[in-house]
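Let's take a walk through this model together. Have a look at the fold before reading on.

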Amino acid sequence: MRRPGQIVKRPQGAGRRRAGDREALAAILFVAASSCTWRQLPPVFGPYWQTIYRRFAQWSRERVWARLHRVVLDDGLR
């Protein structure tokens, strides 16, 4: 996952700005809560459902969800 302030070098040169993590998280949570498919994401989340799915898959591989779950559980014990 990208850290705040970290510069991302794009090997292919210019291109679109990377979609924000907060926006991607909001879209992923929408899919989880509404049970819609990735392709059914409303336009408010941006035109490219593939980007959101790709971020979900990347975070799944990196076990972000497990770490987030642990943080939420630990915080709830306080």
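Here is a short tour, from the pocket to the loops.

A quick word on the ground rules: this is a predicted model, where local features need pLDDT of at least 70 and side-chain atom pairs count only at pLDDT 80 or more, while totals for chains, interfaces and linings use all residues. Residues are numbered from 1 along each chain as its sequence is written, and side-chain values use heavy atoms, with hydrogens and water left out.

Start with the largest pocket, which has a volume of about 490 Å³. (On a 1 Å grid over the protein atoms alone, where a 1.4 Å probe fits, a pocket is an open set of points with protein on both sides within 12 Å along at least five of seven lines, and lining residues have an atom within 4 Å of a point.) Of its 18 lining residues, Arg17, Arg18, Ala19, Thr51 and Arg55 are the closest to the centre. Helix 2, residues 49-61, gives the most to that lining, with 7 residues (helices are DSSP runs of H or I, at least four residues, numbered from the N terminus).

Now find aspartate 21 in helix 1, residues 21-34. Aspartate 21 counts as buried because its relative accessibility is 19% (buried means under 20%, exposed over 50%, partly exposed in between, with a 1.4 Å probe and protein chains only). Its side chain meets that of arginine 55 in a polar contact of 2.8 Å.

Finally, the loops. Serine 35 sits between helix 1 and helix 2 and is exposed at 64%. Its phi is positive, near 60°, though serine 35 is not a glycine.

Terms used: Points joined across faces, edges and corners; volume = space filled by probe spheres on them. Helix = DSSP H or I, 4+ residues; strand = E, 2+ residues; numbered from the N terminus. Polar contact = N/O pair within 3.5 Å; in protein donor to acceptor, adjacent residues only side chain to side chain.
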